[in-house]
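Then read on for a short tour.

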Amino acid sequence: MDYALVTAVLAAAIIAGTPILYAALGEILAERTGVLNLGLEGMMLVGAVSGFMATIATGSHWMGLLAAMIAGGMVAAVHAVLTITFKANQVVSGLALTIFGTGLSGFLGKKLIGIPAPSTFSKVSLPVLSDIPFLGPVLFNQDPLVYLSYLLVPLMWIFIYRTNPGLKMRSVGENPGAADSLGVNVFLTRYIYVIIGGIFSGIAGAYLSLAYAPTWLEHMTGGRGWIAIALVIFSTWNPARALIGAYIFGGVDALGFRLQAMNIGVSSFFLNMLPYLFTILVLIFATMQTQRNRIGAPGALMLPYDREDR
Amino acid sequence: MPAPVIQQGSPFTIKLEKRLTTSRLNNILIPVISVFLALVVGAIFIYVTGNDPVKIYQTMLKGAFGSKYGISETVVKAIPLILTGLAVSIAFKMQLWNIGAEGQLYMGAWAAAYVALFMPDLPGFLVLPTMFLFGFLGGAIWALIPAIPRALIGVNETITTLLLNYVAILWFGYFVYGPWRDPKGFNFPLSAAFPEAARLPSMFDTRVHYGLIIGLVAVVIIYIMLKHTKWGYEIRVIGESPNAARYAGMNIVRNILLVMILSGGLAGIAGMSEVAGLTHRLQPTISPGYGYTAIIIAWLAKLNPFAILLVSFLFGGLLVGGYSVQTLGLPAATAYMLQGLILFFVLGGELFNRYRLRIRERGGK
């Protein structure tokens, strides 16, 4: 493969990995407080459609992004109420969120199918940086949401591992009883991060409808929300590892797309299976790894907190 | 200076108290109220987007239950819902989150279609039983793929079963668009029509087919199995307390595999009955998401087989109603939005099954 092709595929891998990365980063925050949210797919779809609608209404994709964030956060708040206050089963509530989000986005988006986005996140090459050989065209000729994710990952890493609020957040997920007795508000903490998780999924959805596609299609997430959940396990709840993982997943996606264009004689149906099969294999591998190294999920993941049970 | 007395907040405190027992009345009343509230919130969504909710609900109700055709279509939709609902619920009973019923349905349909299309030498009376067996195996094997890593090393089955849905639908699509496409089919992505011997007969001059009988029998069998067999007992114990089950010497790995085989097999039979009873050929889409609706049905029915039967008819009606509102310009997705809302409210309502609200006067007794 020649140089231009390699950089093009790698740049495409970053684009394909970015929505998965945003969704996974949000899920890391929620799960770090002990709340599993399987509704990423639904939140992303709601984010994608509301971002698209707001962009059409206002003509600004930044307003679209804002709308997607608000919508994602609102849907996540439903999950928060159900699982934190009502102590409902987290798995089933997350599935409900996905089913609801799929239905709602289809309901809202019916009239939008086929319309191109009036304003999109387009590529901005960064001065100086984009001139670096190889790295420049791969990393620094991207759209603003990609750049934002570059900043977000180290900031989140520092927040989780090196700050006091990050420590409190982790304590809520590991041992809510102990955190509570030290004066951390377990319920409030969980609410905050579940909703922030939803906001991140909203960004992921807006990325699909305003940068990646950029248009609205029913079911346009195509399982990316679930791939992001698998990615969280692969990342061992670490944002830096999530970044690497997201680009690997994006690479598989981009490669399949590229192979399809090259017409190598394998049916596109099989090439389209690649990201899903790859995710399953990675999940199996990651599960074996975490069990061997004894680094697992946050201790209180999926357990509702009840002060009376302390 | 004396501090002024400030009355803080409301004069009442609201407190949740755990119930020790759940009453039978609550078990019925709470889901009914939950569904009602979900429809009210759905109405708000419909209203806000500029539609008339009363008219839309009327149209849905009429479409689903207002005519012989409507009722028969509701039953047609209920058949795969009963089977996938049972499939999902038996796995859920053991806290196995098989959300791959959709893909297992497709693989069952695919395997059954193989018998119908490519085993012409089979004697006629054996065709349907063989399709039934292949349908079961197609779904069961597809469910076994995520079951094995789950049982042996604890790989999260929620994600793997779901991702395999996408793979199954692509696999199915490959054959419908590719090798199995009928050369005489004017280039439509359809397989050849099944021979007469490979079709489940229909009943009452409608599209309702003998898949209904399969579903009813499955309900009874699963009920007896769960309630009255040792295996059913083990499933319940493992689901409620894996540690207790382990101490009692129950083989959890084996049970995970067996339950997933049964669960996938039931979903596979749903696929077999769809192609043998309804479409009589393969087409790109044979399910509008029955495997996902099944999750809601299973939960709403509290995993009880007979309740699944009842709820499947209601949700069959919801799907048919969803199609009938398309004449009013609303997408069929409306039905899925309502399904999601129903599950939200049912989940929220469960709190009141486990707790009771106690409102007290502040400072009072």
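## Chain B as a whole

Keep in mind that this is a predicted model. Chain B has 13 helices and 2 strands. Along the principal axes, its C-alpha atoms fill a box of roughly 100 × 60 × 35 Å.

Chain B is 365 residues long, and 49% of them count as buried. Now take the contacts in chain B between residues at least 6 apart in sequence: 78% of these join residues at least 24 apart.

## Where the two chains meet

The crossing of α4(A) past α13(B) is left-handed.

Who does the touching? From α4(A), the residues include A:Ala96, A:Ile99, A:Phe100, A:Gly103 and A:Phe107. From α13(B), they include B:Tyr336, B:Gly340, B:Leu343, B:Phe344 and B:Leu347. By class, this contact has 13 nonpolar, 7 polar and no charged residues. Here's a handy thing to know: an α-helix has 3.6 residues a turn, so residues three or four places apart point the same way.

## A helix pair inside chain A

The helix α4(A) also pairs up with α3(A): their axes come within 10 Å and cross at roughly 155°. That makes α3(A) roughly antiparallel to α4(A). The crossing of α3(A) past α4(A) is right-handed.

In α3(A), the residues that do the meeting are A:Val75, A:Val78, A:His79, A:Leu82 and A:Thr83. Their partners in α4(A) are A:Gln90, A:Ser93, A:Gly94, A:Leu97 and A:Gly101. Sorted by class, this contact has 4 nonpolar, 6 polar and no charged residues.

## Buried spots and the core

The largest nonpolar core holds 213 residues, and those with the most contacts inside it are A:Ala24, A:Leu231, B:Ala112 and B:Met131. Its largest share, 14 residues, comes from α9(A). Leaving out residues up to four places away in sequence, B:Met131 touches B:Ala112, B:Val115, B:Ala116, B:Ala198, B:Met272 and B:Ala276.

In α7(A), the residues A:Met169, A:Ser171, A:Val172 and A:Gly173 are buried. The buried residues of α7(A) pack against α1, α8 and α9 of chain A.

## A glycine in a loop

Where is B:Gly100? B:Gly100 sits in the loop between α3 and α4 of chain B. Is B:Gly100 buried or exposed? B:Gly100 counts as buried because it has 34 C-beta neighbours inside 10 Å, and the cut-off for buried is 20 or more.

Apart from neighbours within four places in sequence, B:Gly100 is in contact with B:Ala143, B:Pro146, B:Thr161, B:Leu162, B:Leu164 and B:Asn165. B:Leu117 is 17 residues from B:Gly100 in sequence and, C-alpha to C-alpha, 26 Å from B:Gly100 in space.

Key:
Residues numbered from 1 in each chain as written. Chains lettered and ligands numbered in written order. Predicted model: local features only at pLDDT ≥ 70, side-chain atom pairs only at ≥ 80, totals over all residues. Left-handed = near helix turned anticlockwise from the far one by under 90°. Helix = DSSP H or I, 4+ residues; strand = E, 2+ residues; numbered from the N terminus. Contact = placed C-beta atoms within 7 Å. Nonpolar A, V, L, I, M, F, W, Y, C, P; charged D, E, K, R; others polar. Buried ≥ 20, exposed ≤ 12 C-beta atoms within 10 Å, placed from the backbone. Core = buried A, V, L, I, M, F, W, Y, C linked by C-beta atoms within 7 Å. Axes fitted to C-alpha atoms, helices over the stretch in contact; angles between N-to-C directions. Parallel < 35°, antiparallel > 145°, perpendicular 65-115°, else oblique.
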